[in-house]
Amino acid sequence: MKILLLASAYNGMCQRVHRELVIDGHDVEIELSRRKEDMLRSAFRFRPELIICPYLKYRIPDEIWRQFTCLIVHPGIEGDRGPSSLDWAITDESPDWGVTLLQANEEMDAGDIWGTSAFPMRNVSKASIYRREVIQAAVKLIKAAINDFAGRGFRPRPLDYSSPRVRGRLLPLMNQERRAIDWDSDGCADIVRKINAADSFPGVADSIGSHEVFLYGAVSDTGIEHDQTPGELVACSHGAICRAARDGVVWIRQMKPIDRDSPYPFKLPAEDLTRHLLSDSDFRAGRPEISSRAYREIRVATKSGVAYVDFDFYNGAMNTDQCKRLKKCLEEVHAREDVRVVALMGGSDFWSNGIHLNCIEAARDPARESWLNINAINDVVRQIITMAGKVTVAALRNNAGAGGAIMPLACDRVFIREGVVLNPHYRNMGLYGSEYWTYLLPRRVGRKMAQRLTRECAPLLASEALDIGVADTLASEDWRDYHHELQSYCESLARDRQFSKLVARKDQGLAQDERARPLEEYRQDELVRMKETFDDPESSYHSLRYQFVRKIPLPTKDEAKSRALRTVKKQVPAETTRTNSSRPEVAYEASE
Ligand code: COA
């Protein structure tokens, strides 16, 4: 079927829908421009049978929806309308929520309904719900609607507020007054809920000293007793700050200055921003008994010979300190005799998105910070590659991008969750890339496919990753099922009678690879090119990073991307994959 996607950004939702439809054999084009003339041109030139809007922030021009069937993904239950759906669902503590696919008409969000799907709510940020539950439900609804549309007999039902099943209603934009924290009366649960409802956008407006900031990434601890005034800064640890609440403390992981003229008008680790904003005398945060109980982004849980290493970095971005901490943790896990298998879990929303562009942007010397950050992440990757005596498993349960999509390939096995979208390329950020990608990617997919992936900059859906050898096992999309499958996979590896042979083969393979070409050579070659880019103030990396962190739209890039996407078809194995001698077992053999 000819399908046009209209979207406000080529974000995780749009990428997932795009790849799913291409894999299903549809002829898909994408229009990302919000200019009416561009949308009209795309629609009337391509003449799609169906238009789908997975993520659209504005109205579809009348000329389009009158002529074509346009289906819009709305992140709300049937009857819900307005721009703050998930914000209200979290604020009102709805036990469940949903996604509705509706047909565009003259009234925003009030069109006929093609399908609706419900899910239980979790006590997490709205971005987390969006990335997991909303995207999963939307994909199912879209696929069902395409079938219904192709069947031609289907009639969508009009929105009928008198029906008992219609529980939603029109709700206004949630403003900052409604979101505001009252530190004197709100308890930890209220504060976390308010921040969750505004995370990742727009954040809850608050203040640190005399500085107005948006707050994000809240984690509470009601087990701490203190006599501090609610709202007061009482500790900081690993990039987060801790504020007193009337019934405990709340850790704030990220903040952004409200002042757009600030030199850092973007999200930063809350501790870093506090240090930028407050003088040392104003920033005397340091109750050691509180800091020692801080929320930890890096956690290890061990069971039946398997160490599950979570590294839950906000937005999957890994700054120099975070990389150093992760490397240290991996060294410790490596040294443990009770651990045979190490599962790298990434975070709860992203697996990893590579170096921390916001921290780099805020650094006094971004070129130097880029250099430190890339070396620190390379050290993590090297630590994973060289984990002798253990089997490493990348538990790719969430999306990953740039160096963060290469890092899992350092593991012996890649266990990917259905629906995950990978972006294993750097060009969109003007970088050649490092993280040993010149070793890791070709050894899994072959040289030609590696070139294709890094040049075309197209996203890769989990099933495609499996087809071309980026991943070894495709597991359920359902979060619980995925973890059960992962656990039994890791435990059976740890119990394997052939375990010693498995790791011996892996260790020999690595030694063989090192003899063929030392790992350090791959790294040095990559770093020479990276350093040239970092040290060149005119390189596109610096301007692309500037725009990325400030969310400045890149019309020319988006247009180019939009054009490029039209040509990207399903990723098929283009060549016989060179199997990796250092991996414990040949888990795939890509065909011609
Ligand atoms: N550093 C800092 N922040 C990052 C980041 C990074 N490397 N990668 C993503 N983010 C942030 C985004 O700014 C966004 O922030 P928000 O919470 O304020 O909205 C958030 O993570 C989610 O990213 P978004 O781009 O909205 O997600 P997506 O699913 O649409 O796209 C990527 C995912 C990976 C394709 C995209 O984020 C990207 O290109 N990131 C840059 C990757 C990169 O170049 N890394 C450096 C080279 S190793």
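The model is predicted, so local features are taken at pLDDT of at least 70 and side-chain atom pairs at pLDDT 80 or more, while totals for chains, interfaces and linings use all residues. Residues are numbered from 1 along each chain as its sequence is written, and side-chain values use heavy atoms, with hydrogens and water left out.

Helices (H or I, at least four residues) and strands (E, at least two) are DSSP runs, numbered from the N terminus. Five of the five residues of E19 are buried, where buried means under 20% relative accessible area, exposed means over 50%, and partly exposed is in between (1.4 Å probe, protein chains only). In a regular strand, side chains alternate between the two faces of the sheet. Both faces of E19 are covered, with Arg413, Phe415 and Arg417 buried on one side and Val414 and Ile416 buried on the other. Strands count as paired if DSSP finds at least two bridges between them. E19 runs parallel to strand E17 (residues 391–396), and four bridges join them; Ala394 has Val414 as its bridge partner in E19. E19 also runs parallel to strand E22 (residues 473–475), this time with three bridges, and here Phe415 is partnered by Thr473 of E22.

Strand E9 (residues 233–237) is largely enclosed by the rest of the structure, because four of its five residues are buried. E9 pairs with strand E10 (residues 240–245) in the antiparallel sense, over four bridges, and Ser237 has Ala240 of E10 as its bridge partner. The C-alpha atoms of Cys242 and His26 are separated by 50 Å, with the two residues 216 apart along the chain.

The loop between helix H7 (188–197) and strand E7 (204–208) holds Ser200, and the peptide bond joining Asp199 and Ser200 is cis, with omega about 25°. Pro202 lies in the loop between H7 and E7 as well, and the bond from Phe201 to Pro202 is cis with omega near 5°. Positive phi values turn up in other loops. Asn315, between strand E14 (306–311) and helix H10 (320–335), is a residue other than glycine with phi near 60°; Asn315 is partly exposed, at 30% relative accessible area. Ala402, in the loop between strand E18 (399–401) and helix H13 (403–406), has a positive phi near 50° and is partly exposed at 24%.

On to the aromatic side chains. Rings of Phe, Tyr and Trp (its six-membered ring) pair if their centres lie within 6.5 Å; planes under 30 degrees apart are stacked, over 60 edge-to-face, and the rest tilted. Ten aromatic pairs come out of a search of the whole structure. One of them is Trp114 with Phe149, whose ring centres are 6.3 Å apart with planes at 45°, so this pair is tilted. The pair links distant parts of the chain, with Trp114 in strand E6 (residues 113–120) and Phe149 in helix H5 (residues 126–151), 35 residues apart. Trp114 and Phe149 are both buried. Tyr439 and Tyr522 are also a tilted pair, because their centres are 5.1 Å apart and their planes at 50°. Tyr439 is in helix H14 (residues 437–445) and Tyr522 in helix H19 (residues 519–535), distant parts of the chain 83 residues apart. Tyr439 is buried at 3% relative accessible area, and Tyr522 is buried at 14%. Ring pairs also link Trp114, Phe149 and Phe154 into a cluster.

Charges sit over rings too, meaning that NZ of Lys or CZ of Arg is within 6 Å of the ring centre and within 35 degrees of the ring normal. Lys267 lies over the face of Tyr216, 4.3 Å from the ring centre. Arg132, in helix H5, has its charged end over the ring of Trp479, 3.4 Å from the centre.
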